[in-house]
Amino acid sequence: MIEAARAKLNLALHVTGRRADGYHLLDSLVAFAAYGDELRLEPGPLSLRIEGPFAEGLAADPDNLCLRAARLVGGEAAITLTKNLPVASGIGGGSADAAAVLRGLERMGHSLPENPEKLGADVPVCLLSAPARMEGVGEIVTPLPPLPSLPLVLVNPGVAVSTPQIFAAMERRDNPVLPPIPRFDYLDALTGWLRLTRNDLEAPARAVCPAIDEVLAALGSTGAAFARMSGSGATCFGLYDSAGKAATAAKMLKQHGWWAVATELAQPPAAG
Ligand code: C5P
């Protein structure tokens with residue numbers, strides 16, 4: 001069976017506090033791109049094979065999140081991961097892969113784990129793989145109404161960013177929670193709301209990875225209606241008012257030597 005591991009986008013991400021164990025309290029509007037990794041699960045003893053454009057950045061060792069996810073629920077399957085998303089890039093790759101393995105094993109009769117956030121803070125929201133507000137350290141996920149299927153470009157400058165390093169470099173950890181989240185039926189409604197919000201990890205990420213500045217400036221110059229970094233970076237997203245503009249933008253951004261893909265905000269899977 002095939003499970004999609006869609007790229008996770010923190011459309012907005014406020015860091016609102018810090019727990020005693022060092023983890024940060026977040027308030028994030030999360031959405032998913034139609035583009036992502038792909039997981040194939042076949043009957044057999046637990047194993048992992050990784051292929052695809054970004055396979056080289058990732059070892060199929062026992063620590064791989066796909067295998068940790070399977071072991072957490074006692075699942076057995078021959079797993080093939082097609083790694084289409086850059087590794088350590090703020091779009092949830094590892095968490096999305098782990099969540100897809102858990103969803104696949106659930107379809108094979110296993111229960112979902114009680115604390116999926118133990119695998120990674122983004123695993124609970126990636127299990128839902130649909131628009132949501134994410135709070136706590138990632139374990140509180142509140143589903144939101146669907147978003148319009150807006151054209152979108154993802155772009156990564158090819159620099160792996162360490163999430164703990166970015167959290168550690170933050171100057172303020174007591175930022176306000178998100179403003180009330182309305183239903184977004186149009187691009188303008190979403191971008192208007194996004195302008196009231198931030199990604200609090202963007203400033204520290206830009207400090208350690210100046211290429212993010214270039215990516216955001218380049219997204220602006222391609223006519224993105226809105227551009228921002230996702231997660232702890234370095235992947236940034238641009239929202240566009242037409243699929244044609246997004247496709248042209250991705251082509252231009254690739255000319256910088258960056259990874260760029262034109263896609264759209266994912267729609268919920270059809271029922272059944
Ligand atoms: O859970 P995940 O593996 O994605 O987190 C990577 C690192 O990011 C954690 O070890 C922690 O340093 C930091 N983090 C955090 N607060 C969160 C999520 C992650 O400080 N809510």
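Helices (H or I, at least four residues) and strands (E, at least two) are taken here as DSSP runs, numbered from the N terminus. The legends below describe a predicted model.

View 1. Strand β2 and helix α4 (163-168) each contribute at least two residues to the shell around the ligand, and α4 gives the most, with three residues. The residues that surround the ligand are Tyr23, His24, Leu26, Gly120, Ala121, Asp122, Val137, Gly138, Thr163, Pro164 and Phe167.

**View 2. Make-up of the ligand shell.** Sorted by class, the shell around the ligand holds six nonpolar, four polar and one charged residues. Domain 1 (2-143) and domain 2 (151-264) each supply at least three residues of this shell.

**View 3. The largest nonpolar core.** This core has 82 residues, and those with the most contacts inside it are Val101, Val153 and Leu154. Strand β2, which spans residues 24-42, gives the most to the core, with eight residues. The core lies between domain 1 (2-143) and domain 2 (151-264), because both domains give residues to it. In soluble globular proteins, nonpolar side chains tend to be buried together.

**View 4. Surroundings of Val153.** Leaving aside residues up to four places away in sequence, Val153 touches Leu219, Phe237, Gly238, Tyr240, Ala246, Ala249, Ala250, Leu253, Ala260, Val261 and Ala262.

View 5. An unreviewed UniProt entry lists residues 65-113 as "domain: GHMP kinase N-terminal". Over residues 65-113, the chain of the model is 47% helix and 10% strand, and the end C-alpha atoms are 14 Å apart.

Terms used. Residues numbered from 1 in each chain as written. Predicted model: local features only at pLDDT ≥ 70, side-chain atom pairs only at ≥ 80, totals over all residues. UniProt positions renumbered as here; feature names shortened; annotations may be inferred. Core = buried A, V, L, I, M, F, W, Y, C linked by C-beta atoms within 7 Å. Buried ≥ 20, exposed ≤ 12 C-beta atoms within 10 Å, placed from the backbone. Domains from an automatic or database assignment. Contact = placed C-beta atoms within 7 Å. Near = placed C-beta within 6 Å. Nonpolar A, V, L, I, M, F, W, Y, C, P; charged D, E, K, R; others polar.
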